[in-house]
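Biologist: I'm new to this one. Can you put it up and walk me through it?

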Amino acid sequence: MTATDPPPESPRMPIRQLSETLIDQIAAGEVVERPASVVKELVENALDAGARRIEIATAGGGKSLIRITDDGCGIPEAELPLAVRRHCTSKMEGGLQGIETLGFRGEALPSIGSVARLSLRSRARGASGAHEILVHGGRQDGPRPAALSAGTVIEVRDLFHAVPARLKFLKSDRAESAAITEVVRRIAIAFPGVRFELSGEDRSPLVLPAVDETQAMERIGAIVGESFADNAFALDAGREGVFLAGHAGLPSFHRGTAQHQYVYVNGRPVRDRLILSAIRGAYADVMPRDRHPVCVLFLQVDPRDVDVNVHPAKADVRFRDPGLVRGLVVGAIRAELARLSLRGSTEGADGLLVRFRAGGAGEPAAPAPAHAPRPSFAFSERPAAPYDPARSPSRPLDGRPADFGAFQPSARAERFEETAPAPIRAEFPLGAARAQIGKAFIVAETEDSLVLIDQHAAHERLVYEALKEAIHAKPLPTQMLLIPEVVDLTEAEVERLVAEDEVLKRFGLHIERFGPGAVMVRETPAILGEVDAPALVREIADELTETGSGAGLGGRVDHVAATMACHGSVRAGRRLQAPEMNALLRRMEQVPASATCNHGRPTFIELKLADIERLFGRR
Ligand code: ADP
Ligand code: MG
């Protein structure tokens, strides 16, 4: 059809008002997408009614039955017909500004009633009896007297039987039932003082007993996982009338999806893009791109400064000042991450305990053969080459020759036992290095624990932090290549590298264009030591291709720094001397964020002596 063709004849129908039922069904399309949305609306109603106990029973993934019983304030007989009528609500006294209840639109019950068989039985506080009203395909029946001692019971049967199109889009009973569990878990975190009980033939039961508000962490632990409490830090920050409380996980406690991020605005669970992206931003430096932190965040905002009326499902919000909210979330999490930079994850240590513990949940340790070889610690062997502090991978990161204090490398190869062991000092939380095992891990000792350090991961983090600092402080020292290296690339890659040559120079990598499709490397960053320059340049080129346009300078700098750090770090498999190991530990103690490498893996794990004693049954 071209623009000049006449429009096709279409028979026009006269405009008419839609029936109430049709209007409700249209609204239901948005409010009740699936059984889990029905549960969400009904649980919100119970909470708005001040319930302290909420029981949820389902059958057939919520498609055949959802029953919610609460001990809230109930609905008086005279108001029952209104409760199920569209745009009727007992909430929202102050208009759309300043909504303090979970519900406010007055459309959940009529919507549900238009697409299912709904029964509402309730006894208002102080009333002499209970009453029941039924809604089926939008038609009301009742109210009539019924038996109930207090509160409200709402039953929803045959959901969507009236709209087969919607029924077709639902998932398996098991998937719908799981979605219901998820809705209840999410909302239950924000109401620790309320008892939740979820049961049904289609699920394993979930019981969340009420806990004192001061012990909210118990409720969080029951939902997010008990190990979260041990691997999280508390948040408590405020800025211009916006307050943030809750808990965020250590960077080493990451997960494969963002499912484990629970965000609440004034007690309402939300999936807000702004906040989720702020969380990602806060952890960007300490977590691999494909991993996600675990957190439970409660934002308190003056209800007038947040609009919850964005979507009928009320999971989106709009803040009057999004920048303020983002800044608060990013700032508060980053500040704590920096402060706690030396707290490693106990997850590794816990796992270790399980594996060690006889009869524990883990694999039982295989019995050692009678002639088991003694573990070969580094200090029981001779180092392969004389130790040269200037070439040590643990030398200070500014490229200056190392100063290891009293340590003087002697010409002859030295056994560690012959140097005095480093003393344990309280100001050294990572302890004194005692040995290296597997040429990859440092074993250190503090007053009350054993610390295992991943030497590659630790060093990588230190190099990364030094590189990032070089962007703001003076450029890093370089190392001249005796023979400049020519690296062949595509022309597009050359362009991208040359465009960033100022940044690369600050890091100590000097490149220049070398004819079409090639660059020449003259100097490399001294902190990387001897490095495969062509491999490094190619990888940076790849990195720039991937992150190039959208990332902004900050993002590109971080990625290039991470790539470089990985190239220059002490690989596993390098033998380290005691002073090198101690130098690495002391560096780690000074550098923020060194508890994780820049891929988010822990750089060290700590095993308390008390736990070791438990392993041996001494406690
Ligand atoms: P909204 O929650 O937006 O007001 P609903 O359609 O969900 O709209 O509920 C309509 C009204 O019915 C509520 O405003 C409330 O007064 C009453 N109501 C619903 N569920 C309950 C309940 N479990 N306990 C007490 N009152 C309820
Ligand atoms: Mg409601």
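**Overall picture**

Modeller: The protein chain has 18 helices and 22 strands. Helices (H or I, at least four residues) and strands (E, at least two) are DSSP runs, numbered from the N terminus. This is a predicted model: local features need pLDDT of at least 70, side-chain atom pairs count only at pLDDT 80 or more, and totals for chains, interfaces and linings use all residues. Residues are numbered from 1 along each chain as its sequence is written, and side-chain values use heavy atoms, with hydrogens and water left out.

Biologist: What percentage of the residues count as buried?

Modeller: 46% of the 619 residues. Buried means under 20% relative accessible area (1.4 Å probe, protein chains only), exposed over 50%, partly exposed in between.

Biologist: Now Gln261. Where does Gln261 lie?

Modeller: In strand 11, residues 261–265.

Biologist: Buried or exposed?

Modeller: Gln261 counts as buried, because its relative accessibility is 4%.

Biologist: Which residues does Gln261 touch?

Modeller: Leaving out residues up to four places away in sequence, Gln261 touches Arg186, Arg271, Leu276, Ile279, His292, Pro293 and Cys295. Contact means heavy atoms within 4.5 Å.

Biologist: How far is the backbone oxygen of Pro293 from a polar atom of the Gln261 side chain?

Modeller: 3.1 Å.

Biologist: Switching to helix 9. Which residues are buried there?

Modeller: Helix 9 spans residues 273–283. Its buried residues are Ile275, Leu276, Ala278, Ile279, Gly281, Ala282 and Tyr283.

Biologist: What covers them?

Modeller: The cover includes strand 9 (232–239), strand 10 (242–249), strand 11, strand 13 (295–300), strand 15 (318–319) and helix 10 (322–339).

Notes
Chains are lettered from A and ligands numbered from 1 in the order in which they are written. A polar contact is a pair of N or O atoms within 3.5 Å; within protein, one must be able to donate a hydrogen and the other to accept it, and residues adjacent in sequence count only if both atoms are side-chain atoms.
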